Amino acid sequence: NPAIVGRATMIGASAEAAAVLETLPAASAELIEVFRCVNAVISDGQTAYVTPTRCPEYPYGAVVADNQGHICAAAMGKTKEGLAELIRLKLVPQQKGCGEDAA
């Protein structure tokens with residue numbers, strides 16, 4: 001709103017934010033994207049935590065916790081999209097009798 005924040009202030013703040021983003025290491029920017037992908041598949045009341053791993057085959061890891069801090073899902077992935085999909089699948093409620101043989 002121009003009545004609240006002046007144009008010069010907005011331009012200065014956006015220029016400062018852009019300068020800070022340009023100084024981020026590539027790994028940090030990449031991890032931000034991993035978080036964005038994983039965060040898009042979780043529910044309200046859940047928090048995603050992402051981390052790089054030491055495994056070259058699965059370079060990304062994620063843990064999702066609920067409001068009480070209980071772990072809901074954890075996975076490692078080859079890509080940010082693959083990791084998000086693994087987390088999404090782990091968060092899908094299991095069907096009753098899933099995996100049981102019919103009697």
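Reader: Let's begin with helix α3. How many residues does helix α3 have, and how far does it reach from its first C-alpha to its last?

Author: A helix can be read by setting its end-to-end reach beside the expected value. In this predicted model, helix α3 runs over residues 80-91, which is 12 residues. Its reach from the first C-alpha to the last is 17 Å, close to the 16 Å expected at 1.5 Å a residue.

Reader: Which residues of α3 are buried?

Author: For this we look at relative accessible area, where buried means under 20%. In α3 the buried residues are L83, A84 and I87. They sit on the same side of the helix, because they cover an arc of only 100° around the axis.

Reader: What covers the buried residues of α3?

Author: The cover includes helix α2 (26-39) together with the strands β2 (60-66) and β3 (71-77).

Reader: Good, now the whole chain. What pattern does the protein follow along the sequence?

Author: The protein has three helices and three strands. Read along the sequence, they come in the pattern α-α-β-β-β-α.

Reader: How much of the protein counts as buried?

Author: Of its 103 residues, 17% count as buried.

Reader: Which residues make a nonpolar surface patch?

Author: Here I4, V5 and M10 make a patch of about 300 Å². Take I4, which lies in the segment before α1 (7-23). I4 counts as exposed because its relative accessibility is 68%, and the cut-off for exposed is over 50%.

Reader: Back to α3, please. Which residues does L91 touch, leaving out those up to four places away in sequence?

Author: L91 is found in helix α3, and it touches V41, I42, Q46, V64, C72 and A73. One of these shows how the fold brings separate parts of the chain together: L91 and V41 are 50 residues apart along the chain, yet their C-alpha atoms are separated by 8.8 Å. L91 has a relative accessible area of 21%, so it is partly exposed.

Reader: Now for charges. How many salt bridges does the structure hold?

Author: There are three. R36 and E33 meet at 2.9 Å, N to O. Both lie in helix α2, three residues apart, which is about one turn of the helix.

Reader: Where do E85 and R88 lie?

Author: Both are in helix α3, three residues apart, about one turn of the helix. Salt bridges that share partners, meanwhile, join E33, R36 and K80 into one network. In the bridge between E85 and R88, the closest N and O atoms are 2.7 Å apart. E85 is partly exposed, since its relative accessible area is 36%, and R88 is partly exposed at 35%.

How values were computed. Residues are numbered from 1 along each chain as its sequence is written. This is a predicted model: local features need pLDDT of at least 70, side-chain atom pairs count only at pLDDT 80 or more; totals for chains, interfaces and linings use all residues. Side-chain values use heavy atoms; hydrogens and water are left out. Helices (H or I, at least four residues) and strands (E, at least two) are DSSP runs, numbered from the N terminus. The expected span of a helix is 1.5 Å times one less than its number of residues. Buried means under 20% relative accessible area, exposed over 50%, partly exposed in between (1.4 Å probe, protein chains only). The arc is that of the directions from the helix axis to the C-beta atoms. Contact means heavy atoms within 4.5 Å. Patches are made of residues with over 30% relative accessible area and no salt bridge: like charges are joined within 9 Å, nonpolar side chains (Val, Leu, Ile, Met, Phe, Trp, Tyr) within 5 Å. Accessible areas come from the Shrake-Rupley method with a 1.4 Å probe; for residues, only the protein chains shown count as cover. A salt bridge is a side-chain nitrogen of Lys or Arg within 4 Å of a carboxyl oxygen of Asp or Glu.
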